[in-house]
Amino acid sequence: MPLRPLGANGPLVSQLALGTMTFGAESDEAEACAQLDLFVERGGTLIDSADVYAAGASESIIGRWGRARGGMDDLIVATKARFGPPPGSRGASRRAIRRCLDASLNRLQVEAVDLYFIHGWDRDTEIEETLSTLGDLVAAERIHNIAWSNLTGWQLQKIVSTARAGGYPMPVAVQPQYNLLERGAEIELLPCCLEAGIALTPWSPLGGGWLTGKYGADARPTGATRLGEDPDRGVEAYDRRNTERTHTIVDAVRTVAERHGRPPAHVAIAWLLARPGVAAVLLGARTAGQLADNLDAVDLSLEPGDMEALTAVSAPGLPSYPYGFVQDWSGLDIWRRLGT
């Protein structure tokens, strides 16, 4: 599997990453280990977890798997903190980060985490406290690189400016939801990442399963799928996403897929891998079979016409003010280049 640099200063990672939110929840330990084995056999190197995935079970499964294979020094292991602070701590405070990292290292059975994400913005903790804590942990060689998830553009810019002013470590990656159905990251977050040399590792590349074409317009999903079991699931909820725009995009994906003789999921993943700033796309699966199907997307290169058609049909549109105004009157062409 090809490797890509994680931002300007991060490690090299496989362009498809293994998301492990299902481990210990939708996938039992045997199934999770089968996914890990398959992922590594296929050349994958970036394994992404979080302390709150299945209340720590995801990290524990990865740790036991890693110990059984003799370690994970050949892999890039990522985890997160923020949403499960110890009692008495705010999510991204010094006390919370240190204690959450101790627990994650213990569960993962490693001495250091290669990539440590702050899982979201913490309005109650000054960013200097968070960054200085992360800097101390980098200096102590307990984490190697820092990153953030689920940010707005102004939040990322505050992190970048504070890090530069204070001499703290710069994030090498940001992990947003980004796919053909959800391109809001292009308005502020992606331009900020491109300016600062920060990579994207998007989650939900298939839009919660919508971009596989398995959900229709006339029947709420049922059965053993994420939306079948929970149709009201967050930003991917059936009633929220069941729109004319969604089905127009899915039809366009299906058309490209038929031309290439591939499943729609491959096209959705290939489009995302070809977007500026994207270093690695997170694949989450319930079974090794599902993971194998999606890993096959790695060798699909879409033609320029395919990319243009998919980008155009999924364009969210640029708000006329201030973005359209700035684009027209300040000569800023980033959103035209992104096809936003």
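Tutor: The search of the whole structure finds 15 salt bridges, a salt bridge being a side-chain nitrogen of Lys or Arg within 4 Å of a carboxyl oxygen of Asp or Glu. The model is predicted, so that local features need pLDDT of at least 70 and side-chain atom pairs count only at pLDDT 80 or more, while totals for chains, interfaces and linings use all residues. Residues are numbered from 1 along each chain as its sequence is written, and side-chain values use heavy atoms, with hydrogens and water left out.

One of these pairs joins E29 and R64, whose closest N and O atoms are 2.9 Å apart. Because E29 belongs to helix α1 (residues 29-41) and R64 to helix α2 (residues 57-68), this pair ties together parts that are 35 residues apart in sequence. Helices here are DSSP runs (H or I, at least four residues), numbered from the N terminus. E29 is partly exposed, with a relative accessible area of 30%, and R64 also counts as partly exposed, at 41%. Partly exposed denotes the range between buried (under 20% relative accessible area) and exposed (over 50%), with a 1.4 Å probe and protein chains only.

A further salt bridge lies within a single helix. The side chains of D251 and R254 meet at 2.9 Å, N to O. Being 3 residues apart in helix α9 (residues 244-260), the two are separated by about one helical turn. D251 is partly exposed at 42% relative accessibility, and R254 is partly exposed at 29%.

The next pair has another setting. R183 and E186 form a salt bridge at 2.8 Å, N to O, and both residues are buried. R183 and E186 are also linked with R275 in a network of salt bridges.

For contrast, one may turn to a part of the surface made of nonpolar side chains. Y321, F325 and W329 form a nonpolar patch there, with about 460 Å² of accessible area together. Such patches consist of residues with over 30% relative accessible area and no salt bridge; like charges are joined within 9 Å, and nonpolar side chains (Val, Leu, Ile, Met, Phe, Trp, Tyr) within 5 Å. Accessible areas come from the Shrake-Rupley method with a 1.4 Å probe, and for residues only the protein chains shown count as cover. F325 lies in helix α13 (residues 320-329) and is partly exposed, with a relative accessible area of 42%.
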